[in-house]
Amino acid sequence: MKKLIGPFTQILPLPSLSLKGVLRDEQLHIIPNGGVLTENELILAVGDFEELRKANPKAEIEEITGSQVLMPGFIDCHTHICFGGKRAKDYAMRIAGKTYLEIAQSGGGIWDTVTQTRAADEAMLTELLVQRANRHLAEGVTTIEVKSGYGLSLAEELKQLRAIKAAAAKTKAKMVSTCLAAHMVPKDFNGSQREYLEYVLHELLPVVREENLAARVDIFIEQSAFDAENALFYLDKAKQMGFEITVHADQFTTGGSKVAVEVGALSADHLEASGAAEIELLAESNTVAVTLPGASLGLGMPYAPARKLLDAGACLAIASDWNPGSAPMGDLLMQAAVMSASEKLTTAEVFAGLTYRAAAALKITNRGILAPGMLADMQAYPCADYHEILYYQGKMKPGKVWTADFNDFG
Ligand code: NIG
Ligand code: FE
């Protein structure tokens, strides 16, 4: 059954914008009084509402009243929302001026969440994840990447990844799962970085593949986690096993983005510490540069050099990094809007970074723009002018979110 949705005051379909580099707002194609024709939750056409109605007299009409601006659903290509517990004490210590090391030494940090996540069973983790995914969905985020990384043992990583897969079937948001067993060397592992990575490669990843729990692996390259040499060893092997690669890179110190580009990672995420050499490397590569303003806000650190990355020609995506430690807020639009004022990003660059450029980071080709053949993953804001969406800095939320009911978990 064909369905015509509209009329919308404006539609921002976002196709035909470039994947990499600078975007000017004049390049945004705006359809006034627009409509979207769908069938089986796939988009058949996007255009003038009245013309679509005349050409499709039998289509069921989903009438939109009042001023509404329609755009593709957001794609959050980096989250850690499968976790138990919270880390409010870390935050209190951080805003009071304690260092990363001091917080970790007093029982905080990633390991604290590992302990709290291990204490939750799979059903509880699934339930918490569904709640967080549905909150994101209500805020217009129709596709959500979710990492493991708070299990850090064979059984506990599998528990997290199975919870992600189970949650994906219980929410209308689409989930993309990533194995982040290489988040840090677990405190209860008796061995070196290399030995832990070998354990993950030999014991965990074959099961992940067999049970179809994740098609991607991530690693945290940092002084407190894994060095570049061990990361290269791990990522090469994971790639040989058929996994796609993404990397936590250049958050506090550089080195990660070089590894990401060298192994042909889909994305290098964080980049707060990236300098001219890293920016150039990323811009010349096909690796998507993912900025995580939520982590900068949570840690009180500078943003990644988003403007410089775009000027150099990189593909820049914006994600929330929603996690209980460094980025507890999880409001993607608010974070993107606030960062864009400091980094001087155009509206087109922000919207691209939240939609089709984020899709590239996940190698997703069926959403992120509104065009024939794409899934009808869309959101409408209660305003007459798309400029208002960033103007209210994320306070204005979509009144309606559509997500195609396709179970394409991956
Ligand atoms: O992306 N940087 C490493 N990992 C997470 C933080 C996880 C945590 O603190 O629990 C991040 O910011
Ligand atoms: Fe992260």
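Helices (H or I, at least four residues) and strands (E, at least two) are DSSP runs numbered from the N terminus. UniProt, in an unreviewed entry, places the feature "domain: Amidohydrolase-related" at residues 69–379; UniProt positions follow the numbering used here, feature names are shortened, and annotations may be inferred rather than shown by experiment. The structure is a predicted model, in which local features need pLDDT of at least 70 and side-chain atom pairs count only at pLDDT 80 or more, whereas totals for chains, interfaces and linings use all residues. Residues are numbered from 1 along each chain as its sequence is written, while chains are lettered from A and ligands numbered from 1 in the order in which they are written.

The domain assignment divides the protein into domain 1 (2–72 + 368–402) and domain 2 (74–361), with bounds that come from an automatic or database domain assignment. The centres of domain 1 and domain 2, taken over C-alpha atoms, are separated by 30 Å. Domain 1 contributes 25 residues to the contact and domain 2 contributes 31 residues, two residues being in contact if their C-beta atoms, placed from the backbone, lie within 7 Å. On the side of domain 1 that touches domain 2, strand 5 (69–72) and helix 16 (387–391) each supply at least two residues. This side of domain 1 has 13 nonpolar, 7 polar and 5 charged residues; Ala, Val, Leu, Ile, Met, Phe, Trp, Tyr, Cys and Pro count as nonpolar, Asp, Glu, Lys and Arg as charged, and the others, Gly among them, as polar.

The largest nonpolar core has 132 residues, of which Ala289 and Leu309 touch the most other members. Because domain 1 and domain 2 both give residues to this core, it lies between them. A nonpolar core is a set of buried Ala, Val, Leu, Ile, Met, Phe, Trp, Tyr and Cys residues joined through C-beta atoms within 7 Å. A residue is buried if 20 or more other C-beta atoms, placed from the backbone, lie within 10 Å of its own, exposed if 12 or fewer, and partly exposed in between. Apart from neighbours within four places in sequence, Leu309 is in contact with Ile279, Leu282, Ala283, Ala289, Ala314 and Leu316. Ile279, Leu282 and Ala283 are among the buried residues of helix 10 (residues 276–284), together with Glu278 and Leu281. The buried residues of helix 10 pack against helix 9, strand 11 (267–270), strand 12 (288–291) and helix 12 (306–312).

Most residues other than glycine have a negative phi, and most peptide bonds are trans. Serine 16, however, has a positive phi of about 60 degrees and lies in the loop between strand 1 and strand 2 (31–39). Serine 16 counts as exposed because it has 9 C-beta neighbours inside 10 Å. Aspartate 250 has a positive phi near 55 degrees and lies in the loop between strand 10 (244–249) and helix 9 (256–262). With 29 C-beta neighbours inside 10 Å, aspartate 250 counts as buried. The peptide bond from glycine 6 to proline 7 is cis, with omega near 0 degrees, and proline 7 is found in strand 1 (residues 2–11).
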